[in-house]
Amino acid sequence: MSAAESMPAPAAPARTAPTAPGGPHVWRGIIEEYRDRMPVDADTPIVTLREGGTPLIHSEYLSELVGCQVHLKFDGANPTGSFKDRGMTMAISKAKEAGAQAVICASTGNTSAAAAAYAAKAGMTAGVIVPKGKIALGKLAQALVHDARVIQIDGNFDQALTICRQLAEQYPVELVNSVNPYRIDGQRTGAWEIVDQLGRAPDLHVMPVGNAGNITAYWRGYREYAADGLTGNLPVMRGYQAAGAAPIVLGHPVEKPQTIATAIRIGNPASWDQAAAAAEESGGSIRSVTDRQILAAFRLIARHGVFAEMASASSVAGLLALHEDGELEPDQVVVCVLTGHGLKDPEWAIAGAAEPVTIPADLHEAAAALDLA
Ligand code: F0G
């Protein structure tokens, strides 16, 4: 008998593949992982790229520096490289359920990347409106590669959002900015993951603030887990805007926001009131950090192994400012959210780095160049 004859016949292929295959160790995406807390039912078509389940990275370096237990929630590890995927899987799933064929959003880059990817997965069209010349190249590339209709305006994010709101009112397109409540529903999962990963809520939660949807979502997420007895404590929420784009700190809209952290270059956040409420209810604050502080934090975390984007580094810049001002209590459990991946904008990384060394293809030259010989 030949080996081939002894082999069992291959099983007939399953007629329909399950939508979310995988055993207990396979992450199924935030909607399946938290289905009982999500506004979906058995008929909702789940549009997912298996977002969420991102690492909570303990930072020995920052912990020692500030005298707390510091963890970095690295949401740059999402499928499109930012936390926007958490909200977008919900918004696009609900848009598909409602029969929408097209979605629209304004963006500083990450929302448009996520909208383009999830719309492509769903077989829908995405239109994105972005401030010309003010979004990172990687983010623009993402919208283009997923075939979004990319419209650039000679204007800023706030103006783009106004246009998108009007388009959604007057034309058959679904708005998927964070004013869409399903976006916030999805983004709550960041807080749940942190509690699930730590076994409790942190004492202090530090994050960037731009259009202010994410801080709104995190605070809701923590409160819901506490209400259901899944955490006994709630964190103090501290949000950080860039000093040149800090309307909540100043108490009035900023007409011409300016910062190197283009993702949070926003002068009139849509979720302003909710963000202010999150800070107040938690005993926290919304403050600002300068571009110089943001850049220093960006380089610091990169030197210790984590490549996050510039806007994300404002959370670590905020933590360092709290430390310098003597506002941290020893041994507090701290989470800084790193909202997006540094690869979105490699120019910044290269700008501050040493030039690569060029040598002939030779062992001895390589050893010498590496100071080994
Ligand atoms: N970090 C990154 C990397 C972002 O892209 C954003 C927002 C934020 C932080 C701030 O989050 O708006 O919920 O307060 N980016 C939006 C966009 C505005 O269009 O991609 P927020």
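What follows is a short walk through the cavities and then the ligand.

This is a predicted model, where local features need pLDDT of at least 70, side-chain atom pairs count only at pLDDT 80 or more, and totals for chains, interfaces and linings use all residues. Residues are numbered from 1 along each chain as its sequence is written, and side-chain values use heavy atoms, with hydrogens and water left out.

Cavities, then. On a 1 Å grid over the protein atoms alone, a cavity is a set of points where a 1.4 Å probe fits but cannot get out, and its lining residues have an atom within 4 Å of a point. Points are joined across faces, edges and corners, and the volume is the space filled by probe spheres set on them. Counted this way, there are two cavities of 30 Å³ or more.

The largest cavity has a volume of about 320 Å³. Its lining has 27 residues, and Phe 83, Lys 84, Gly 210, Asn 211 and Ala 263 lie nearest the centre. Two or more lining residues come from each of α5, α8 (181-187), β7 (204-208) and α10; these are DSSP runs numbered from the N terminus, helices being H or I of at least four residues and strands E of at least two. The largest share, three residues, belongs to α10. By class, the lining has twelve nonpolar, twelve polar and three charged residues, with Gly counted as polar.

The second largest cavity has a volume of about 50 Å³. Among its lining residues are Lys 139, Ala 263, Glu 309 and Asp 345. That lining is six nonpolar, one polar and three charged.

Now, where does the ligand sit? The ligand is in the largest cavity, by the rule that more than half of its atoms lie within 2 Å of the grid points. Elements giving two or more residues to the shell around the ligand are α5 (110-122) and α10 (213-227).

The ligand is surrounded by 19 residues, the closest being Ser 107, Gly 210, Asn 211, Ala 212 and Thr 339; near here requires a heavy atom within 4 Å. Seven of the shell residues are nonpolar, ten polar and two charged.

Finally, polar contacts, meaning pairs of N or O atoms within 3.5 Å. An oxygen atom of the ligand is 2.7 Å from a polar backbone atom of Gly 210. For a backbone N or O atom of Asn 214, the distance to a ligand oxygen is 2.8 Å.

Definitions and conventions
Polar contact = N/O pair within 3.5 Å; in protein donor to acceptor, adjacent residues only side chain to side chain. 1 Å grid on protein atoms, 1.4 Å probe; cavity = no way out; pocket = protein on both sides within 12 Å on 5 of 7 lines; lining within 4 Å.
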